[in-house]
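This briefing is meant for a reader who is meeting the structure for the first time.

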Amino acid sequence: MKSVLLFCSLFLLASVGFGAKDKIIVVIDPGHGGKDHGHISENKDHLPEKELNLIIAKKFGDMIEKQLQNVTIIYSRTDDTYPSLNDRVKLANGSKADYFISIHCNANDKKSVHGTESHVHSMDAKKSVGLAQAMEKEFTSFAGRYSRGVKDSEDREHSLQVLKYTTMTGVLIECGFMTNNDEAVFLNTASGQEKITTSIFRAFKNYIVKQHPAIAFVKEEPKKEEVVANNNNDNKAVGYSIQIMSSKQPIDTTIPDFKKVELPVARNEIQTNSPYKYRYTVGSYPSQDEARRDLEKVQQKGFKDAYIVKLN
Ligand SMILES: [Zn+2]
């Protein structure tokens, strides 16, 4: 037994103590900005590339924030300013980011040229290539775009400074051609932007989940029980409450046993597979810390197994 424990704690040390990450950092880089408009559509009603890049970049960041945890987002810009390419590289390297994702829209002399591209510095950068492939796959399967594939310096016949000098896994995405009329229209609609951003988010999420199996990235959905408990509570409880017991049949909340708690007891009927459909709670607290203060009292008053539950 001892040796098993020792082994377990060594394993824990190994996985937690020695450099294992519990968070990742992503730099999101909306291309161009300020005086540098980037590419421009022929249609004067269309936004310049710098603005489309910013819209997509921010949406991408919002999706990460809403749906993932343990991801720190750093933007190279959040408004219409122009950080130099060197500034962007310094920011990514200086913040020890794990991922660098640069967002652009493309242009070509031929108006017929269209499609998405994901650029890496070199095909030898396997992780960057993996992420770029994931992006292109989602652009096709999720957003229904034509993918022109993953490109590196040799395809481009030049290096992209932000990819060449950044030291982490990095991809520069070209969301479509502003010189192609259909694509310019698509990129200028809210639904087009949503599809492109969701593709980027899906690729990023799937990639990091595989790449860092020890980190829990995906936020847990609130448990059904908690949601129902909240809906049934007439006092519109927010935050936390203390559950003192549950029962198969409804019990009157004014019985002497409950009076011992000296706090009003609320009964909630829960949709659950368990036969204990009725839950009894006291109090409503904005934070877990405040609930904890009353929890001890409640436990001392005879409900030893009481515990804190989340109500929203
Ligand atoms: Zn660009």
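In this predicted model, helices α2 and α8 pack at an angle of about 50°, and their axes lie 9 Å apart. Because of that angle, α2 counts as oblique to α8, and the crossing in which α2 passes α8 is right-handed.

**Where the two helices meet**
- On the α2 side, the residues that meet α8 are Ile 55, Ile 56, Lys 59, Phe 60, Met 63 and Ile 64, while their counterparts in α8 are Gln 193, Ile 196, Thr 197, Ile 200 and Phe 201.
- An α-helix has 3.6 residues a turn, so residues three or four places apart point the same way.

**Helix α8 itself**
- Helix α8 covers residues 190-211, which is 22 residues, and spans 31 Å from its first C-alpha to its last, close to the 32 Å expected at 1.5 Å a residue.
- The buried residues of α8 are Gly 192, Ile 196, Thr 197, Ser 199, Ile 200, Phe 201, Ala 203, Phe 204, Tyr 207 and Ile 208.
- The cover over these buried residues includes α2 (49-67), α4 (126-141) and α7 (181-187), together with the strands β1 (24-30) and β6 (169-177).

**Strand β7 and its partners**
- Strand β7 (residues 240-247) pairs with strand β9 (residues 278-285) in the antiparallel sense over six bridges, and Met 245 stands opposite Tyr 280 of β9.
- Strand β7 is also joined to strand β10 (residues 307-310) by four bridges, again running antiparallel, with Tyr 307 in β10 as the bridge partner of Gln 243.

Technical notes:
Residues are numbered from 1 along each chain as its sequence is written. This is a predicted model: local features need pLDDT of at least 70, side-chain atom pairs count only at pLDDT 80 or more; totals for chains, interfaces and linings use all residues. The expected span of a helix is 1.5 Å times one less than its number of residues. A residue is buried if 20 or more other C-beta atoms lie within 10 Å of its own, exposed if 12 or fewer, and partly exposed in between; C-beta atoms are placed from the backbone. Two residues are in contact if their C-beta atoms, placed from the backbone, lie within 7 Å. Two strands pair if DSSP finds at least two bridges between them. Axes are lines fitted to C-alpha atoms, for helices over the stretch in contact, and angles run from 0 to 180 degrees between N-to-C directions. Angles under 35 degrees count as roughly parallel, over 145 as roughly antiparallel, 65 to 115 as roughly perpendicular and the rest as oblique. A crossing is left-handed if the near helix is turned anticlockwise from the far one by less than a right angle, and right-handed if clockwise.
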